[in-house]
Amino acid sequence: MKYIQNSFFRLVCLALVVVASFNACTSEFDELNTSKTQLASLGKNEYPFLFSKAQTEASYAFWKYQVAQNLFADLYAQYYATTATYFPSDRNVIRMDWMQWHWRPIYTDCMPQLKVLLNETEAGSAENALASIMWVYAFHRVTDYYGPIPYFKAGEALPSIPYDAQDKIYDDFFKRLDAATKVLAGKTSEKPYGNFDLIYKGDVSKWIKFANSLRLRLAVRISNVDAARAKSEAEAALAGGVMTTTGDDALMFKTEAGTDVNGLSGISVWNEFRMSASMESVLKGYGDPRIGVYFQPASATGTYEGLRNGLSTTQLGDAKNSNNANSNVGSRWVTGAGSAWARVGTTGQNILHAAEVYFLRAEGALKGWNMGGAAGDLYNKGIEASMNQWGIADAAAINAYVNSDKKPIAPDDALNSPAVSDTPIKWSSDAAVQKAQIATQKWLALFPDGIEAWADMRRSKLPKLYPVVNSDNGDIPAGERPRRIPFIDYEKNTNKDAVDAAVGLLGGPDKATTPLWWDK
């Protein structure tokens, strides 16, 4: 784990790169960078650059998005299926040489920046609070891949960085978010980091809602393993104020400068994946207007088409499974047709949205938590918020949708698959169906955030999606998906003692089939 041990020693160079990218003056760094082995003290003028860098790396820009998210979580969530024969990921093969790019951006380019801000800004400042919130956002997407991770000692210059148990990490998440929102409550007139805050431009009121909404997400995540703590944290989050409108939504600013383009936009021009059959079955069956935002008609047919996940190289040779016969992502991310696509790199990257929050509240209400409304009402509001988020504002059309009895349909794919489920849109009186409805609409609303969708599916075991057609991973039975990502090879080679000890924190072997602490 040498890159964690040396993170601080490299930070000044990273800060210089970030500062240069914003065309800012760097003359101060000649004086600051006086030690070759220790991190020099940075001044307040540099803090905004560090925060921007941390935000960008936490959300995986351009090609890192593919190997950190798209080839793994996005496929496990069945938002897409691969069309490229040279990608075994859709058949459950976990390439560790790719997986390092989920790990390294956080530990080498995000965490060091936040560590400096947390150490050098005043503990009661808005800047410190925002850094703590981003710390939780970044690390919850890491621990929810692997389970135990280097956390409390991350960034320290030690011979070996120990891993920490996931329940201890989550405990710290809740404490950080609680403390941060209490600090920010008295700072609403301030603009921490100003325009260098790539999400809210220093809007403290929105950051409070973001932090509480993230807290609610994490509370629901642990609800199967620590129901009492989950209820307490969820109700505290709601009382503190969560996202309620699309104006609260968190989108990461993206630019064509350098490699900081929207990750999905950047990789969707490569013609390596298309809409999944699960998405087709649900979106078409529901007559869902979001289908035209999420995807584009297939070039060969002019209709929306998807393919099954886990197809063999032979099956991918079927014309029905080709790129031209299936739907690429929507024009929000790419424009074009056939094999000629152009990215829309400046599209904001999705981070967290009000629609998800309504579905979290709906599920909480089903559990008997005080979520400020009845489960069915919150469910309908979640659908409305998601529609509004994607530019669908026709109230009559939305009302017709939420009152529709429509169900998923057979996708007419190469395998003649049946409908993926029989879950209707209109709120049911049956408790089991209600859970499936919340999970299905939440899955749709989370698009394209496969990292969160995969985590939520592992926790809830919903919504029902198609079995994976083929599994080339001997540890994973046919039809199933990984429950976690094994510890990466780089860590096993450079931090072996800590990794070996971490296996004891898992509650099972270091395999993709071992569930995480909250996955019960």
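Guide: Contact here means heavy atoms within 4.5 Å. The model under discussion is predicted.

Visitor: Which residues does H102 touch, not counting residues up to four places away in sequence?

Guide: With those sequence neighbours set aside, H102 touches Y60, A68, R141, V142, Y145 and Y146. H102 itself belongs to helix α7, which covers residues 96-120.

Visitor: Is H102 buried or exposed?

Guide: Buried means under 20% relative accessible area. H102 has a value of 0%, and is therefore buried. Its side chain has a polar atom 3.2 Å from the backbone oxygen of R141, and R141 is also among the residues that H102 touches.

Visitor: What span should helix α10 have at 1.5 Å a residue?

Guide: The expected span is 1.5 Å times one less than the number of residues. Helix α10 (residues 204-221) has 18 residues, so it should span 26 Å; its end C-alpha atoms are 26 Å apart, in agreement.

Visitor: How many residues of α10 are buried, and which residue caps its N-terminal end?

Guide: Of the 18 residues in α10, 15 are buried, and the helix is mostly covered. The cap is D203, with a side-chain oxygen 3.2 Å from the backbone nitrogen of S205.

Visitor: How are two packed helices described?

Guide: One gives the angle between their axes and the distance between the axes. Helix α18 (residues 431-446) packs against helix α19 (residues 450-460) at about 165°, with the axes 9 Å apart. Angles over 145 degrees count as roughly antiparallel, so α18 is roughly antiparallel to α19. Their crossing is left-handed.

Note on methods. Residues are numbered from 1 along each chain as its sequence is written. This is a predicted model: local features need pLDDT of at least 70, side-chain atom pairs count only at pLDDT 80 or more; totals for chains, interfaces and linings use all residues. Side-chain values use heavy atoms; hydrogens and water are left out. Helices (H or I, at least four residues) and strands (E, at least two) are DSSP runs, numbered from the N terminus. Buried means under 20% relative accessible area, exposed over 50%, partly exposed in between (1.4 Å probe, protein chains only). A polar contact is a pair of N or O atoms within 3.5 Å; within protein, one must be able to donate a hydrogen and the other to accept it, and residues adjacent in sequence count only if both atoms are side-chain atoms. Axes are lines fitted to C-alpha atoms, for helices over the stretch in contact, and angles run from 0 to 180 degrees between N-to-C directions. Angles under 35 degrees count as roughly parallel, over 145 as roughly antiparallel, 65 to 115 as roughly perpendicular and the rest as oblique. A crossing is left-handed if the near helix is turned anticlockwise from the far one by less than a right angle, and right-handed if clockwise.
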